[in-house]
Amino acid sequence: MSATTVAGALLLGVVAGLLAGFFGVGGGILFVPTLVGLGLTQLGAEATSLLAILPTVAAGTWRQRRYGNVDWRSALVLGLASVVGVGVGVQVATSLSEGTLRRLFALLLLGVAAQLTWRSRRPAPYSS
């Protein structure tokens, strides 16, 4: 790994951690495109992203727990369901071509962007 790649990965980690703490965004949306830009394959970037988000998740959860913002029951249900889903997802991802996988990821990003745009146009519900 070149010094430029290491520097890019360090910068990505800091930025992703900052954004994850501030907005609660998933690391994959940030990590995968950047890792592809740093030279990893789509599949390699996705696999690396899955491992790289673990420290971010642990640190974010630890901090949010202190404020009472973690719903442990929901987190357990989501986590267990995700374990099943990731197994199936890996099987599907490894069966697809690199180009197809990249296009599907692009569609996911477009879908997320559309949802965020749609929700930002609606008035926020009142919260106390």
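1. Leu-104 is partly exposed, with a relative accessible area of 43%; the term covers values between buried (under 20%) and exposed (over 50%), with a 1.4 Å probe and protein chains only. Leu-104 belongs to helix H5, where helices are DSSP runs of H or I with at least four residues, numbered from the N terminus.

2. The model is predicted, so local features need pLDDT of at least 70 and side-chain atom pairs pLDDT 80 or more, whereas totals for chains, interfaces and linings use all residues. Residues are numbered from 1 along each chain as its sequence is written, and side-chain values use heavy atoms, without hydrogens and water.

3. Leu-104 is one of the residues of a nonpolar surface patch of about 540 Å², together with Val-88, Val-92, Leu-96, Leu-107 and Leu-110. Helix H4 (72-95) and helix H5 (98-121) are the elements that each give two or more residues to the patch, and H5 gives the most, with three. Patch residues have over 30% relative accessible area and no salt bridge, and their nonpolar side chains are joined within 5 Å.

4. The largest nonpolar core has eight residues: Leu-12, Ala-16, Phe-31, Val-32, Leu-35, Val-36, Ala-45 and Phe-105. Helix H1 (3-23) and helix H2 (27-37) each supply two or more of them, with H2 giving the most, four residues. Such a core is a set of buried nonpolar residues joined through side-chain atoms within 4.5 Å.

5. Arg-65 lies over the face of Trp-62, at 4.1 Å from the ring centre; the criterion is CZ of Arg within 6 Å of the ring centre and within 35 degrees of the ring normal.

How values were computed:
Patches are made of residues with over 30% relative accessible area and no salt bridge: like charges are joined within 9 Å, nonpolar side chains (Val, Leu, Ile, Met, Phe, Trp, Tyr) within 5 Å. Accessible areas come from the Shrake-Rupley method with a 1.4 Å probe; for residues, only the protein chains shown count as cover. A salt bridge is a side-chain nitrogen of Lys or Arg within 4 Å of a carboxyl oxygen of Asp or Glu.
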